[in-house]
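Dear colleague,

I am handing over a structure that you have not worked with before, and below it you will find notes on what turned up. Please read them with the structure open beside you.

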Amino acid sequence: MAEEAQVGGTAASWCVSHSAAVASRAMGAILAVLASLILAANVPVAIVLLCHIHRSGSKGLCFVLNLALADAMVGFTVMGVAIDELSQAFYLSQNFCVLRMAFVTSSCAASILSLILVACDRHLAIRKPFHYLQLVTGLRVGLCLLGLWLVAAIVGFLPVFIPRFRRVSDHWKCSLFNVFDPSYMLTMFCLGFFPALFLFLYLYCDMLKIASVHVQHIQKVKQAGLAGACPPPHVTSDMKAMRTVAVLIGCFTVSWLPFFIASVVQMVCAQCLPYRVIENFLWLLGLGNSLLNPLLYSYWHRDVQLQLSQLAAALKGRILLRLGHGRCFPGRDTKALAAVSCLELQD
């Protein structure tokens, strides 16, 4: 009987470990696909924005470029987590795991702070359109970006330098809730995410107020007998900027709000919500925001759409050109396809 119980216990433990390994590999595959999509979406947008900034000299687009770079860094750091999930035979030390999670947290913080700067930049362009170019200078943009990455690094690497913000878990796994103390998580959420969300809502409501004033002005002009007059260009620009920021804020709220609320609930009441639900589902929803940001901005920004299509055509031309060098097509004249460089895309 004792031997049967021992065999039964061994089989049960093997089944549990096997199911955990399968779940971990499935999670690693999902993270790898998501990280690849994030990189594939953000890197081309960053290249196009860099070319557009070089051509137009627009300082405000530097914040959007920084958002694409921060989201690309999120994809890069998440790829490391995916490799850990897929490599079951390789176990990280706790110090290395803390560093990895610090990089992930810093990247996510940089993405959130970049969204704040994008919203602030669009708000300033609407609030003070005639003084925008004098206020948004290269020096101020550089200082804002430097401060952004400094704050993101402090937020992410705080547990590395303060041991009391780290924890040792009995069921070891390299994850946020296993290496970071609940006090750090609660401080980061309450002092980081919720103020950012309130700032987003304030900026959007203020832009909505300005846009409503412009709409009322247009209605008064139409009532005065100028119904055929076109709306001023800055009104159309204001509405487009407000729509862009509104979509970005809405996607950010839907992506990250469930994760942060569930994390706060889990830290206050550990039995109320399993942390695996937060890590396996809600965290993936939050990471999806880094995939949505470049897609949404490229959809709303016509110049980005045009240069992305030109970049895709240039890459297709290069591929066909290389394939054409290696093959001979009898009866057809082989013509070299022109390759479009970054500087040519600017024209």
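A term needed throughout comes first: a residue is called buried when its relative accessible area is under 20%, exposed when that area is over 50%, and partly exposed in between, using a 1.4 Å probe and protein chains only. This is a predicted model, in which local features need pLDDT of at least 70 and side-chain atom pairs count only at pLDDT 80 or more, while totals for chains, interfaces and linings use all residues. Residues are numbered from 1 along each chain as its sequence is written, and side-chain values use heavy atoms, with hydrogens and water left out.

**Overall build**

The protein chain has 11 helices and 0 strands, where helices (H or I, at least four residues) and strands (E, at least two) are DSSP runs numbered from the N terminus. Of its 347 residues, 41% are buried. If a contact is taken as heavy atoms within 4.5 Å, then among contacts between residues at least 6 apart in sequence, 78% join residues at least 24 apart. The accessible surface comes to about 19,500 Å², and 69% of it belongs to carbon and sulfur atoms; such areas come from the Shrake-Rupley method with a 1.4 Å probe, and for residues only the protein chains shown count as cover.

An unreviewed UniProt entry carries the annotation "transmembrane region" for several stretches, including residues 26-51 and 182-204; UniProt positions are given in the numbering used here, feature names are shortened, and annotations may be inferred rather than shown by experiment. In the model, residues 26-51 are 100% helix and 0% strand, with the end C-alpha atoms 38 Å apart, and residues 182-204 are likewise 100% helix and 0% strand, with the end C-alpha atoms 32 Å apart.

**The core**

A nonpolar core is a set of buried Ala, Val, Leu, Ile, Met, Phe, Trp, Tyr and Cys residues joined through side-chain atoms within 4.5 Å. In the largest one, which has 80 residues, Leu31, Met101, Met185, Phe259 and Trp283 touch the most other members. Helix α3 (residues 94-127) gives the most to this core, with 14 residues. Leaving aside residues up to four places away in sequence, Leu31 touches Val78, Val81, Ala82, Glu85, Trp283, Leu284 and Leu287.

**Salt bridges**

A search of the whole structure finds 2 salt bridges, a salt bridge being a side-chain nitrogen of Lys or Arg within 4 Å of a carboxyl oxygen of Asp or Glu. In one of them Arg122 pairs with Asp121, the closest N and O atoms being 2.9 Å apart. Asp121, which lies in helix α3, is buried, with a relative accessible area of 5%, whereas Arg122 is partly exposed at 25% relative accessibility.

The side chains of Asp206 and Arg127 also meet in a salt bridge, at 2.6 Å from N to O. Asp206 lies in helix α7 (residues 182-223) and Arg127 in helix α3, so this pair ties together parts that are 79 residues apart in sequence. Asp206 counts as buried because its relative accessible area is 9%, while Arg127, at 42% relative accessibility, counts as partly exposed.

**A surface patch**

Finally, Leu139, Leu143 and Leu146 form a nonpolar patch on the surface, with about 350 Å² of accessible area together. Patches are made of residues with over 30% relative accessible area and no salt bridge, like charges being joined within 9 Å and nonpolar side chains (Val, Leu, Ile, Met, Phe, Trp, Tyr) within 5 Å. Leu143 sits in helix α5 (residues 138-161) and is exposed, with a relative accessible area of 53%.

With best regards
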